[in-house]
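Welcome! Please open the sequence and the structure side by side, and we will walk through them together.

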Amino acid sequence: MAHLTTNPAVKERHMCIYPAYVNSKKTLAEGRRIPSEKGVENPTCAEIRDVLSAAGLNVLVENKMYPREWNRDAQFRGRVRVQLKEEDGNLCQEKFSSRKDVMLYVAEMIPKLKTRTQKSGAGDNSAQLGEGGRKGKKKKK
């Protein structure tokens with residue numbers, strides 16, 4: 001019986017983040033909770049976990065599906081639970097005073113991860129080459 005009474009307190013101190021919350025490719029109806037220009041393209045639970053654990057927060061990854069996610073692939077699975085408040089109700093970290101603070105921080109830091117910078121590095125070069133080629137063709141005309 002005591003376990004049931006402490007359960008609501010645990011839910012108060014932990015928040016859930018589904019990757020859809022910070023996915024710039026999603027619409028608000030599909031579950032995005034931050035502005036699309038601040039979002040990240042197709043984040044994963046592992047990336048969210050890495051960013052938040054590096055920030056010093058207690059993180060737990062659960063094998064859950066976001067209800068609005070129609071794609072059932074493994075890469076879209078997962079929910080990250082983050083502890084925002086201590087048992088006494090004080091914040092674990094002052095910079096994370098709200099759920100939105102956590103989501104914006106995650107969206108800001110995921111692009112800086114090594115896995116993201118290595119992948120996007122090759123993509124950026126090809127995009128720059130492509131743009132440069134187009135500009136050159138326009139000048140010749």
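Contact, as used here, means heavy atoms within 4.5 Å. What you see is a predicted model, in which local features need pLDDT of at least 70, side-chain atom pairs count only at pLDDT 80 or more, and totals for chains, interfaces and linings use all residues. Residues are numbered from 1 along each chain as its sequence is written, and side-chain values use heavy atoms, with hydrogens and water left out.

Let us begin with the sheet. Helices (H or I, at least four residues) and strands (E, at least two) are DSSP runs numbered from the N terminus, and two strands pair if DSSP finds at least two bridges between them. Here three strands make an open sheet in the order β1-β3-β2, and the pairing is antiparallel. Because β1 and β2 (59–62) stand at the edges with a single partner strand each, one side of each has no neighbour in the sheet. From one strand to the next, the twist averages 25 degrees. Helix α2 packs on this sheet and touches β1, β2 and β3, its direction making about 15 degrees with that of β3. For such angles, axes are lines fitted to C-alpha atoms, for helices over the stretch in contact, and the angles run from 0 to 180 degrees between N-to-C directions.

Now look at β1 in detail. Buried means under 20% relative accessible area, exposed means over 50%, and partly exposed lies in between (1.4 Å probe, protein chains only). In a regular strand the side chains alternate between the two faces of the sheet. In β1 (residues 14–17), H14 and C16 point one way while M15 and I17 point the other, and all are buried. Four bridges join β1 to β3 (residues 79–83) in the antiparallel sense, with M15 opposite V82 of β3.

Two residues of β3 are worth a visit. V80 sits in this strand and counts as buried because its relative accessibility is 0%. Leaving aside neighbours within four places in sequence, V80 is in contact with M15, C16, I17, C45, I48, R49, L52, V59, L60 and V61. V80 and H14 are 66 residues apart in sequence, yet their C-alpha atoms are 9.7 Å apart in space.

R79 also belongs to β3, and with a relative accessible area of 14% R79 is buried. What does the side chain of R79 make a polar contact with at 2.6 Å? The partner is the side chain of E62, and the side chain of Y18 makes another polar contact with that of R79, at 3.2 Å. A polar contact is a pair of N or O atoms within 3.5 Å; within protein, one must be able to donate a hydrogen and the other to accept it, and residues adjacent in sequence count only if both atoms are side-chain atoms.

Next comes the nonpolar core. In soluble globular proteins, nonpolar side chains tend to be buried together. A nonpolar core is a set of buried Ala, Val, Leu, Ile, Met, Phe, Trp, Tyr and Cys residues joined through side-chain atoms within 4.5 Å. The largest one has 26 residues, of which I17, V22, I48, L52, V82, V102 and V106 touch the most other members. Two or more residues come from each of β1, α2 (45–54), β3 and α3 (99–109), and α3 gives the largest share, five residues. Within α3, V102, M103, Y105, V106 and A107 are buried, and what covers the buried residues of this helix includes β1 and α2.

Rings of Phe, Tyr and Trp (its six-membered ring) pair if their centres lie within 6.5 Å; planes under 30 degrees apart count as stacked, over 60 as edge-to-face and the rest as tilted. By this rule there are four aromatic pairs. The ring centres of Y18 and Y66 are 4.8 Å apart with planes at 45 degrees, so this pair is tilted. Y18, Y21 and Y66 form one aromatic cluster.
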